[in-house]
Each structure stands twice: as C-alpha cells, then as structure tokens.
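Here is a note for a colleague who is opening this model for the first time. Please read the points in order with the structure at hand.

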Amino acid sequence: MDWFTTLFDSAQQWLFEQVLQPLMFAAGLANFLEDGYIATGWFLVGCLQLLVMLLVIAPLQRWRPVEPVTDRPAIRVDVVYTLVHRLGLFRVALFFLVDPLWDSLVGTLRMHGFHTWQLDALWPGVTDIAWVSLLIYLVAFDFVEYWIHRGQHHFRWWWQLHALHHSQRQMTMWSDNRNHLLDDLIHDGIIVLVAQLIGVQPSQFVAIVALTQLSESLQHANLRVWFGRIGERLWISPRFHRRHHAIGIGHESAKPGEATATPRLGGCNFGVLLPWWDMLLGTANFDLRYDPTGVRDQVQPGRQGRLRDYGSGFWSQQWRGMLRLINRA
C-alpha cells in the first residue's frame with residue numbers, strides 16, 4: 001500500500017498548496033494552515049468514498065435491489081446529507097465547536113497528572129505493528145459505537161433526534177448520513193473524545209472513520225444480500241442492518257407480557273461494523289427477511305390520530321427534529 005499512501009500524500013499536498021492555502025491566506029486564516037491541511041485530507045478521503053459508492057455499491061443496488069425505487073426526491077435529500085458529511089463540511093463545524101473543548105479538557109487532565117491511555121501499547125512488539133494497531137482501534141471504536149447507538153434508541157430525548165435517520169422509507173447507499181445535525185454533533189463529540197483518551201493516531205483515525213462510513217453505506221444500500229450463516233456473524237450485512245430499520249421491529253421492543261405491537265423504545269441489531277456486541281448482549285436478530293423500513297408513526301396514527309411528519313427537505317427535517325425534541329411535533 002506504499003504506492004497508494006504516496007499518491008494520496010502527493011494529491012493532498014498539491015490540493016492544499018494550489019487551492020486551499022491561497023484561499024486561507026486571502027481570508028486571514030494563516031494561523032489555521034495545519035488544520036487546513038488536515039481538512040484537505042478529509043476532503044480527499046470523502047471523494048474516494050464517493051467514488052467507491054458510485055462504482056461499486058450503486059451497481060450492486062441495480063443488480064439485486066430489495067425494492068423498486070419510488071421516492072427519488074427523498075433519495076436526493078440523502079445525497080445532500082452524504083455530501084455535507086463525506087466532503088468534510090460537517091467536520092469543519094466539528095473542529096470549531098467541539099475539538100477546542102475536548103483539547104482543553106484533555107490538557108487540563110494532563111496538568112493534573114492524568115495521562116491518556118495508548119491502547120496500541122498493550123503488547124509491545126505486536127500491537128505497535130501498524131495493521132495490528134489499526135484492528136485494535138477498529139474493534140474498540142466499534143464497541144463504543146454500539147453503546148452510542150443503544151443510547152440513541154434508549155433515551156427518549158435522543159430518539160427524537162435519531163428518529164430522523166429511521167424515517168427514510170426508501171433506503172439506499174445514501175441513507176447512512178441522514179441524521180439530525182445535533183445528533184451527529186453529540187455522536188462525533190463522543191468519538192473525538194474517546195480518540196483522544198485512547199491515543200489513536202490521526203492517520204489511523206481517518207482510516208477507521210473512512211472504513212466505517214463505507215461499510216455503513218453498503219449496509220444501508222437497497223441491496224438484497226446477506227453474507228451467509230458464518231459471514232453474518234463476522235461483519236454486518238445489508239440484510240442484518242435493514243432488520244434494524246424495519247418498521248415496528250428494529251427500533252422497538254416489548255416488555256414481558258406485552259403484545260409485540262406495543263411501541264416501546266428498544267430494538268435489535270445496533271452494531272455498526274461487527275455483530276459481535278449484539279450477539280454477546282442479546283440484541284441480535286438474524287432472521288433472513290427484508291421488511292419495509294421507517295418509523296411506526298409514519299404508517300400508524302399516534303395518540304392525536306395523525307401520522308407524524310418528519311419533513312421532506314434538509315432544513316424542514318432539521319427543524320422538525322428540534323420540534324420533536326421539545327415535544328412540539
């Protein structure tokens with residue numbers, strides 16, 4: 001992979017020096033040149049992800065779709081979400097809003113004698129090998145992601161934001177990034193803090209995020225594919241994750257003695273990359289089915305006798321998420 005790393009570094013250097021650096025000087029942002037260079041790397045990673053999505057995942061969707069495409073306007077909104085996140089626009093906002101806070105917090109902890117934990121230093125001579133270290137961090141972050149996802153489905157206030165992600169009834173490879181921006185801010189803030197506390201290197205962090213996002217794009221694809229009895233238990237497939245999005249199943253559960261149709265936050269298949277955590281903690285559902293996706297209150301009237309409107313455009317979806325959060329929608 002040395003040739004790829006060299007090519008990527010050269011492209012990042014050229015794009016930064018020829019495009020971004022002059023713009024930053026003109027805007028009086030010379031103090032942020034190092035951060036601009038990092039942002040250029042995120043932009044290139046996003047471009048590579050989009051290329052893989054268009055050249056690999058999109059043909060797979062056409063080859064073996066779960067359902068016909070009937071709501072292209074909803075998919076176009078998901079494309080906007082994907083471009084905002086994958087090309088680094090949301091990460092720039094994260095840099096200004098969250099990173100300084102966590103940097104200050106970690107710096108204060110170090111001043112008081114608390115040192116971050118280098119997870120890849122657990123087994124000197126083995127865990128300091130690049131690919132071994134990457135795998136360790138990948139598993140560690142996936143464990144954190146599982147519990148974040150459980151929280152999004154457990155706490156009612158958090159669900160009011162996360163429900164936007166589940167409101168897409170026409171799932172495609174673009175659906176992964178359909179999230180409320182406040183939900184993303186909370187999620188990414190936790191991930192950035194964990195990254196600082198366990199000592200992941202910036203290059204490894206970029207690789208982990210890129211791999212995770214590409215896998216999630218595949219998981220959300222309109223693709224009738226599963227990985228077989230063994231493969232389903234090694235890596236999360238489109239079939240496994242679609243079960244998580246199934247109406248009345250993926251984000252609901254029932255108390256003992258209740259009818260299964262009783263709406264209650266819970267659900268199954270919370271894993272992001274690995275199904276192991278679901279298997280260990282009893283939240284895995286391996287039923288080989290492809291059910292309709294969405295949220296129950298989109299198809300069944302609620303207490304007020306009406307279906308819930310999650311919005312049809314980017315800003316309307318964001319606004320209605322805030323209204324749900326304060327119990328106004």
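1. The second largest cavity has a volume of about 60 Å³, and its lining is made up of Trp42, Val45, Gly46, Gln49, His85, Arg86, Gly88, Arg91, Val209 and Gln213. A cavity here is a set of points on a 1 Å grid over the protein atoms alone where a 1.4 Å probe fits but cannot get out, and lining residues have an atom within 4 Å of a point; a volume is the space filled by probe spheres set on the points, which are joined across faces, edges and corners. While α2, α3 and α9 each supply at least two residues of this lining, the largest share, 4 residues, comes from α2. Helices are DSSP runs (H or I, at least four residues) numbered from the N terminus.

2. This is a predicted model, in which local features need pLDDT of at least 70 and side-chain atom pairs count only at pLDDT 80 or more, while totals for chains, interfaces and linings use all residues. Residues are numbered from 1 along each chain as its sequence is written, and side-chain values use heavy atoms, with hydrogens and water left out.

3. In total the structure holds 2 cavities of 30 Å³ or more, and the largest cavity has a volume of about 630 Å³. Of the 34 residues that line the largest cavity, Glu145, Asp176, His187, Asp188 and Glu216 are the closest to its centre. Two or more lining residues come from each of α4 (89-97), α6, α7, α8 and α9. By class, this lining has 12 nonpolar, 14 polar and 8 charged residues, where Ala, Val, Leu, Ile, Met, Phe, Trp, Tyr, Cys and Pro count as nonpolar, Asp, Glu, Lys and Arg as charged, and the others, Gly among them, as polar.

4. The second largest pocket (an open set of grid points with protein on both sides within 12 Å along at least five of seven lines) has a volume of about 880 Å³. It is lined by 24 residues, of which Arg156, Asp297, Gly302, Arg303 and Arg308 are the closest to its centre. Helix α7 gives the most to the lining of this pocket, with 3 residues, and the lining divides into 8 nonpolar, 6 polar and 10 charged residues.

5. How many salt bridges does a search of the whole structure find? The search finds 10, a salt bridge being a side-chain nitrogen of Lys or Arg within 4 Å of a carboxyl oxygen of Asp or Glu. In one of them the side chains of Glu67 and Arg242 meet at 3.5 Å, N to O. Because Glu67 lies in the loop between α2 (33-63) and α3 (72-86) and Arg242 in helix α11 (residues 238-245), the pair ties together parts that are 175 residues apart in sequence. Both Glu67 and Arg242 are buried, where buried means under 20% relative accessible area, exposed over 50%, and partly exposed in between (1.4 Å probe, protein chains only).

6. Glu252 forms a salt bridge with Arg296, with the closest N and O atoms 2.7 Å apart. Glu252 lies in the loop between α11 and α12 (276-281) and Arg296 in the loop between α12 and α13 (314-325), so this pair ties together parts that are 44 residues apart in sequence. Glu252 is buried, with a relative accessible area of 10%, and Arg296 counts as buried at 12%.

7. Which residues of α11 are buried? They are Pro238, Arg239, Phe240, His241, Arg242, Arg243, His244 and His245, and what covers them includes α6 (130-154), α7, α9 (202-219) and α12. Phe240 has a relative accessible area of 0%. Leaving aside its neighbours within four places in sequence, Phe240 is in contact (heavy atoms within 4.5 Å) with Glu232, Asn269, Pro275, Asp278, Asn285 and Phe286.

8. His180, found in the loop between α7 (156-166) and α8 (181-198), counts as buried because its relative accessibility is 4%. A polar atom of the His180 side chain lies 2.8 Å from the backbone oxygen of Gln318. Not counting residues up to four places away in sequence, His180 touches Leu161, Leu164, Gln317, Gln318, Gly321 and Met322.

Technical notes
A polar contact is a pair of N or O atoms within 3.5 Å; within protein, one must be able to donate a hydrogen and the other to accept it, and residues adjacent in sequence count only if both atoms are side-chain atoms.
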